[in-house]
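Please look at the sequence and the structure below before reading on.

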Amino acid sequence: MKLKHIINSFLAFSLCLAGCVDPDDLVRTESEITDQLIITGRFAGNENTEYETVIDRANGTAVVQTPYYISDTEPIQGDITRMRLKATLPVGARFDPPLSGIHNLKEGFSSTLIEADGSKKNYTFTAIYKKSERANIIKVELANVRAQIVVADPVEEGKKGQIIIYKTSSSIDGELQNALITIAPWATIESDAYDPVTKILDLSVMPTVTITAQDGVKKTVYETVYKTPEFVEYGVGYVAGLFGFQTLKENSHGFEVGANRTMAVVDDYLILSNSNNFVNMPVFNRYNGKLLDQVKVNVAGIPSNRIIRAITSDDNGHMVAMAYVSTRAGSYATPYTDVNVWVWKGRIV
């Protein structure tokens, strides 16, 4: 019995060990596990940032790709005469002499890779200053007002990117001439609408902007477009720019001059008060600002001579309305001694 228990315990332990194997190792080939060679380099004065190395195993070279400037704002180069190397080696392999210590990779450093089977390959380690290939716009913003402007990079090689101005308010129209643009470090900008002295981009002319990378080869072209947002994210922070509401003579979108004083969010709706005629309180989709003509607020039971100016919602999401209060008695005012408040039992119906 004891031997049986020992065998069963051993089998269970073996299964536990099998279950702890890294899933990636189960699909790797033997050559991937045993023949991996990865080299990274870092400046002796900065141990936290590592740089990739281009390795040519056939010719025995390893070239560390350090950035041309290690600062995004100042033309500061790293010291490639004082660099450290780190390696991931094939199983059982080693470098002789070891890669530890500080090396002058401007002149070059040599070491021999000795494989587990005893075979040897001499490697020369160097470092170069590689200019950036980044040719993108990081952000665009207006200098004097907040606006929702999104930069969309090209979806594929050879296509144009976009500077998308979301039409959230007519108040931004007069400010489009004063846009600030942030591009990739050490890239350059070319546009008829850009003033290199003031660093101001005039978006009002819907410009085309070309960004050239530090290497002078990679370029990205952006065009400027207007869009009406389908959804305005939380935290955008607009005061006048709510959904880009614009009252037009040919389409009032439910607004009435001087009548819309307050608003309330109830369920999926944004409701505006109407002090001229509370029966016609306009209802919008709260997410995209679309007027919902077919959705009406149930105002049954409210006397027709009441002026509804203040609407809101309570903690349970019900709509609440209050009549206009005046110290003057009259047919359209509620005497200050008689304040009326209505709460909708079924949200807005």
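What follows describes salt bridges in this predicted model.

Side chains of opposite charge can pair when their charged atoms come close. In this structure there are nine salt bridges.

| Salt bridge | Distance, N to O |
|---|---|
| E47 and R42 | 2.7 Å |
| E133 and K130 | 3.5 Å |
| R347 and D267 | 3.4 Å |

R347 is partly exposed because its relative accessibility is 29%. D267 is also partly exposed, at a relative accessible area of 39%.

In the pair of E47 and R42, the partners fall into two classes. R42 has a relative accessibility of 17%, under the 20% limit, and therefore counts as buried. E47 has a relative accessibility of 37%, so this residue counts as partly exposed.

The pair of E133 and K130 has relative accessibility of 47% for E133, which is partly exposed. K130 is partly exposed too, with a relative accessible area of 35%.

Salt bridges can also share residues. Which residues are linked in a network of salt bridges? The network is made up of D35, R57 and E115.

Technical notes:
Residues are numbered from 1 along each chain as its sequence is written. This is a predicted model: local features need pLDDT of at least 70, side-chain atom pairs count only at pLDDT 80 or more; totals for chains, interfaces and linings use all residues. Side-chain values use heavy atoms; hydrogens and water are left out. A salt bridge is a side-chain nitrogen of Lys or Arg within 4 Å of a carboxyl oxygen of Asp or Glu. Buried means under 20% relative accessible area, exposed over 50%, partly exposed in between (1.4 Å probe, protein chains only).
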